[in-house]
Amino acid sequence: GAGVSQSPSNKVTEKGKDVELRCDPISGHTALYWYRQSLGQGLEFLIYFQGNSAPDKSGLPSDRFSAERTGGSVSTLTIQRTQQEDSAVYLCASSTDSRAWTQYFGPGTRLLVL
Amino acid sequence: GIQVEQSPPDLILQEGANSTLRCNFSDSVNNLQWFHQNPWGQLINLFYIPSGTKQNGRLSATTVATERYSLLYISSSQTTDSGVYFCAGGATNKLIFGTGTLLAVQP
């Protein structure tokens with residue numbers, strides 16, 4: 001079956017603009033995770049969804065970052081008023097449910113803020 | 001929070017050689033996974049291994065939970081094994097990643 005998909009693959013934006021990143025998990029997976037990978041910080045957890053609710057948002061770096069998930073499937077990560085330090089690869093992963101912890105990752109969205 | 005330390009930071013091998021990668025955790029983890037990030041950036045899950053030993057082809061992993069470390073063994077390495085190997089763990093399903101081991105396998 002299809003894996004985790006993310007769009008866009010690449011995004012270039014200007015400082016101060018808002019961006020939306022999309023994640024489509026593996027069909028039937030109820031748990032969804034967002035991570036960020038950057039040269040300076042490595043791979044960092046951002047937020048975790050179980051169904052449509054987010055029990056753990058502890059990794060969101062500031063209130064400019066938000067995420068939602070609708071219908072227990074697609075998730076959108078929104079970054080408002082982007083800054084240059086937001087440049088990174090944003091990775092999405094999914095797992096069967098909150099008790100099955102093996103995570104499967106998408107290809108990522110490469111965000112460059114100019 | 002949990003700290004994850006990986007060694008060595010980088011490794012160069014000749015094709016056919018074997019290697020061992022290590023991951024140490026600062027605290028007990030219930031969730032431990034190994035990933036391979038290929039040169040195109042895709043993260044592939046290799047093992048979910050909070051304890052014990054697992055094998056998958058030329059790869060195997062062992063976690064000694066009581067001593068808070070895990071080992072990944074690569075045997076008869078191939079050029080396609082090149083990339084970055086990450087271990088990640090945590091008390092729950094939230095993963096804390098190590099800084100990775102960059103592996104280059106030369107033909």
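The largest nonpolar core of this predicted model has 20 residues, and those with the most contacts inside it are B:F25, B:W34, B:L46, B:F47, B:L72 and B:Y85. In chain B, two or more residues each are given to this core by β3 (19-25), β4 (31-37), β5 (43-48), β7 (59-64), β8 (69-74), β9 and β11 (101-106). The largest share, 3 residues, is that of β3(B). In soluble globular proteins, nonpolar side chains tend to be buried together.

**Nonpolar cores**

- With neighbours within four places in sequence set aside, the contacts of B:L72 are B:S19, B:T20, B:L21, B:W34, B:L46, B:F47, B:S60, B:A61 and B:Y85.
- Another core, of 18 residues, lies apart from the largest one and includes A:V19, A:L77, A:I79 and A:V113.

**Largest pocket**

- The largest pocket holds about 490 Å³ of space.
- Its lining comprises 24 residues, and A:Q37, A:S38, A:G42, A:L43 and B:F86 lie nearest the centre of the pocket.
- Both chains supply elements that give two or more residues to this lining: β4 (31-38) and β5 (42-50) from chain A, and β9 (83-90) and β10 (96-97) from chain B.
- β5(A) gives the most to the lining, with 4 residues.
- Sorted by class, the lining has 12 nonpolar, 11 polar and 1 charged residues.

**Strand β4 of chain A**

- Of the 8 residues in β4(A), 8 are buried.
- One side of the strand carries A:A31, A:Y33, A:Y35 and A:Q37, while the other carries A:L32, A:W34, A:R36 and A:S38; both faces are covered, as all of these residues are buried.
- β4(A) runs antiparallel to β5(A), to which 8 bridges join it, and the two strands form a hairpin with 3 residues between them.
- β4(A) also pairs with β9(A) in the antiparallel sense, over 7 bridges.
- A:L32 stands opposite A:F49 in β5(A) and opposite A:S94 in β9(A).

**Residue A:S95**

- A:S95 belongs to strand β9 of chain A, residues 88-95.
- A:S95 counts as buried because its relative accessible area is 0%, whereas the cut-off for burial is under 20%.
- Although A:S95 and A:T30 are 65 residues apart along the chain, their C-alpha atoms are separated by 6.8 Å.
- Beyond its neighbours within four places in sequence, A:S95 is in contact with A:H29, A:T30, A:A31, A:Y33, A:A100, A:T102 and A:Q103.

Note on methods:
Residues are numbered from 1 along each chain as its sequence is written. Chains are lettered from A and ligands numbered from 1 in the order in which they are written. This is a predicted model: local features need pLDDT of at least 70, side-chain atom pairs count only at pLDDT 80 or more; totals for chains, interfaces and linings use all residues. Side-chain values use heavy atoms; hydrogens and water are left out. On a 1 Å grid over the protein atoms alone, a cavity is a set of points where a 1.4 Å probe fits but cannot get out, and a pocket is an open set with protein on both sides within 12 Å along at least five of seven lines; lining residues have an atom within 4 Å of a point. Grid points are joined across faces, edges and corners, and a volume is the space filled by probe spheres set on the points. Ala, Val, Leu, Ile, Met, Phe, Trp, Tyr, Cys and Pro count as nonpolar, Asp, Glu, Lys and Arg as charged, and the others, Gly among them, as polar. A nonpolar core is a set of buried Ala, Val, Leu, Ile, Met, Phe, Trp, Tyr and Cys residues joined through side-chain atoms within 4.5 Å. Buried means under 20% relative accessible area, exposed over 50%, partly exposed in between (1.4 Å probe, protein chains only). Contact means heavy atoms within 4.5 Å. Two strands pair if DSSP finds at least two bridges between them.
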